[in-house]
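I opened this entry to record what I looked up, going from one residue to its surroundings and then to the whole chain.

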Amino acid sequence: EDGSQILVIASQVAMGLSLAACAGLRAFLPLFVVGLAGRLDWVPLTSHFEWLEATPALIVFGVAVAAELLADKVPWLDNALDALQSFVKPIAGVISAAAVLEGLTPLQRVVLAIVLGGGAASVVHFSKAHLRLLSTVTTGGLANPAISAVEDTGAGGLAIAAIWAPLVALAAIVLLAILTVWFLHKRRAGWRPLRPA
């Protein structure tokens, strides 16, 4: 019984962390997905977060998702959106994580949501904003819509995986983080091959 309880909690933490990471790409998408999942009884929402599944909230988040997806396709406007959402995305990450951490005490839920949820959303957001600014400077923004479309696909896939296969979603995030660090290290090193001793 203890083993199954640990697995349930691990799945909830993985779900919350994955949804928070998704918030780092698209602030309102995980909130909409969590609300919809709660509305369809796919995921039990924690107390004080049932409002996410209410019809008005789903409508607001759905419109916000559409507006964010469209605005992120416009070069230079996407950079302004990134600057504005430096505050919005961590909050969205905290809410997304806290809403699904159902098997924890209120204190554990708050601490994990702030530290893991807010932290994951912030790291992903600032990495995304850095890449987008680099694209804007190097391509004059021409590559930004294509990059945005890839991010849309990644955020959507991550949000769905977070609900249906949270441990798989978390593993994918860890793998992507490792690849990102490796890529940045190689880029900083100028892709110089190792010289034999």
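**Entry: Leu107 and the chain around it**

I looked up Leu107 and found its place in helix H5, residues 106–139, where helices (H or I, at least four residues) and strands (E, at least two) are DSSP runs numbered from the N terminus. I note that this is a predicted model, in which local features need pLDDT of at least 70 and side-chain atom pairs count only at pLDDT 80 or more, while totals for chains, interfaces and linings use all residues. Residues are numbered from 1 along each chain as its sequence is written, and side-chain values use heavy atoms, with hydrogens and water left out.

I then checked exposure: Leu107 counts as exposed because its relative accessibility is 64%, the classes being buried under 20% relative accessible area, exposed over 50% and partly exposed in between, with a 1.4 Å probe and protein chains only.

For the chain, I listed 7 helices and 0 strands, so that I read the order from the N terminus as α-α-α-α-α-α-α. I also looked up burial, and buried residues make up 40% of the 197 residues in the chain.

Turning to overall dimensions, I found that the C-alpha atoms fill a box of roughly 55 × 45 × 25 Å along the principal axes.
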